[in-house]
Amino acid sequence: MKKSLMKSNYKQNSLALREILNESDFIGIYPSKGGPKDEYDCMIGPILSRLSKRITKEELETYLIKELKEHFGIAHPQLIQMSKATEKIMAWWNNK
């Protein structure tokens with residue numbers, strides 16, 4: 001695959017994933033209502049890397065929980081919210 005095409009695909013995938021992460025809004029910053037739209041960008045690269053390696057929904061959920069605890073300082077992430085987010089991410093990835 002040409003470098004320019006790979007870069008274009010990465011940018012498109014990053015924007016789509018950013019939208020899903022912002023909709024999930026794990027820490028309540030309300031990007032859809034004027035909050036920072038780049039708050040979850042630190043997770044985009046690692047998630048795309050994991051998805052390209054064909055991780056499972058459970059592995060993705062484990063990553064998200066770990067990231068929210070360790071990076072964002074959320075002691076008890078909402079598991080229902082995590083499950084919904086991982087379902088959206090996996091569905092998007094598998095249907096793109």
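Ser24 is buried (under 20% relative accessible area, with exposed over 50% and partly exposed in between, for a 1.4 Å probe and protein chains only), its relative accessible area being 12%. The model is predicted, so local features need pLDDT of at least 70 and side-chain atom pairs count only at pLDDT 80 or more, while totals for chains, interfaces and linings use all residues. Residues are numbered from 1 along each chain as its sequence is written, and side-chain values use heavy atoms, leaving out hydrogens and water.

**Surroundings of Ser24**
- Ser24 belongs to helix α1 (residues 3-24); helices are DSSP runs of H or I with at least four residues, numbered from the N terminus.
- Leaving aside residues up to four places away in sequence, Ser24 touches Gln81 and Ala85, where contact means heavy atoms within 4.5 Å.

**Helices α2 and α3**
- The axes of α2 (residues 44-52) and α3 (residues 57-70) come within 11 Å and cross at roughly 160°; axes are lines fitted to C-alpha atoms over the stretch in contact, with angles from 0 to 180 degrees between N-to-C directions.
- The two helices, α2 and α3, are therefore roughly antiparallel (over 145 degrees).
- Pro46, Ile47 and Arg50 of α2 meet Leu60, Tyr63 and Leu64 of α3.

**Helices α2 and α4**
- Helix α4 (residues 79-95) packs against α2 at an angle of about 55°, with the axes 11 Å apart.
- Ile47, Leu48, Leu51 and Ser52 in α2 meet Ile89, Met90, Trp92 and Trp93 in α4.

Conventions: Angles under 35 degrees count as roughly parallel, over 145 as roughly antiparallel, 65 to 115 as roughly perpendicular and the rest as oblique.
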